[in-house]
Amino acid sequence: SDLFRKALDRINLAVEMSVFDNVMGVFKRLSKRCGLKNAVTATNCLTGNDLTLLADVPAYFPARDLPRNYHYVGPLTWKAGLPPPSWWPPQKDGGPLIYVTMGTTGVSDFFHVACSLFRASGFKAILTTGGQAVSREPADGGLYLEPYMDGDLAMAECDLAVCHGGNGTVYQALAHGKPVIGIPTIPDQLYNIRRAEALGIGVMLSWKDFSANPSKLLDVIRSVLRDRTFYVNASRFMAILGARNAPVEAADIICSHLGVQ
């Protein structure tokens, strides 16, 4: 029943929090050393005493029974403000354009494999390496390699994004109505891309599966491009995010709390 499932969810959350807090016991030790009345733990260290601003939207990450001093403000994504690369705009020639970005936490082996994969695929692709060393020679103009570039610029031009599943990158893609394929390498990315899957705006490809058979990424890309449901769902989130202005909302809440006009 729903009640039983909700009870199990609460028990599971309590167990997870307890295990995590005890594994990361340094927070409790420091709290005791500093004489704090309310101990800081691994699961409450990112909350504020007076205000906690959630850089999310309820449609993506809903929460129950939030305290009154918790406020959703919408995603705060990185605005690079970098000038376009010298080759901009990319030559799409009527075909799809794939944006591949693994941030600065990407596994270096991924970029070398991905370059070879896309050079042989026939897909046009923009690949940012996060500053990791990869040959920047293009293959017939079809593969554009940059250490960094303006993510919003690339998202606006691409048809879908391949990423590590990080919250900021997924929100950046959704702000432009583009679905994502996530190859997570750390737990929070895994959790995030699973949520994207549940909402029908993304697909997860495990690092293990990608490593065993890199061409599987191309299969997933083709599958997402064919299924317009992903684009309908991503467009719905684009409308939701377009109605938010996270920096302004956050500033207004802080100013209101401080009594500043």
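This is a predicted model: local features need pLDDT of at least 70, side-chain atom pairs count only at pLDDT 80 or more; totals for chains, interfaces and linings use all residues.
The protein has ten helices and eight strands. Its C-alpha atoms fill a box of roughly 65 × 45 × 45 Å, taken along the principal axes. Of the 261 residues in the protein, 38% are buried. The accessible surface comes to about 14,700 Å², and carbon and sulfur atoms account for 57% of this surface.

Strands of a sheet pair through backbone hydrogen bonds, in either a parallel or an antiparallel manner. In this model, six strands form an open sheet with parallel pairing, and their order is 5-4-3-6-7-8. The edges of the sheet are strand 5 (143-146) and strand 8 (202-204). Each of these two strands has a single partner strand, so one side of each is left without a neighbour in the sheet. From one strand to the next, the twist averages 15 degrees.

Strand 7 (residues 180-182) pairs with strand 8 in the parallel sense, over three bridges. Within this region, V180 stands opposite G202 in strand 8.

The aromatic side chains were considered next. A pair of aromatic rings is described by the distance of the centres and the angle of the planes. The structure holds ten aromatic pairs. In one of them, the rings of Y60 and F61 have centres 4.8 Å apart and planes at 85 degrees, so the pair is edge-to-face. Y60 is buried, with a relative accessible area of 1%. F61 is buried as well, because its relative accessible area of 16% falls under the 20% limit for that class.

Y60 also pairs with F237: the ring centres are 6.1 Å apart and the planes stand at 80 degrees, so this pair is edge-to-face. The pair links distant parts of the chain, since the two residues are 177 residues apart. Y60 is in the loop between strand 1 (52-54) and strand 2 (70-72), whereas F237 is in helix 9 (residues 229-242). Both Y60 and F237 are buried. Together with Y171 and Y191, the residues Y60, F61 and F237 form one aromatic cluster.

The cysteines were examined last. A disulfide is a covalent bond between the sulfur atoms of two cysteines. A search of the whole structure finds zero disulfides. For C115, the nearest cysteine sulfur is that of C163, 17 Å away; a disulfide would require the two sulfur atoms to lie within 2.5 Å. C163 is likewise in no disulfide, and the nearest cysteine sulfur to it, that of C158, is 10 Å away. C115 is buried, with a relative accessible area of 3%. C163 is also buried, and its relative accessible area is 0%.

Key: Residues are numbered from 1 along each chain as its sequence is written. Side-chain values use heavy atoms; hydrogens and water are left out. Buried means under 20% relative accessible area, exposed over 50%, partly exposed in between (1.4 Å probe, protein chains only). Two strands pair if DSSP finds at least two bridges between them. Helices (H or I, at least four residues) and strands (E, at least two) are DSSP runs, numbered from the N terminus. Axes are lines fitted to C-alpha atoms, for helices over the stretch in contact, and angles run from 0 to 180 degrees between N-to-C directions. Accessible areas come from the Shrake-Rupley method with a 1.4 Å probe; for residues, only the protein chains shown count as cover. Rings of Phe, Tyr and Trp (its six-membered ring) pair if their centres lie within 6.5 Å; planes under 30 degrees apart count as stacked, over 60 as edge-to-face and the rest as tilted.
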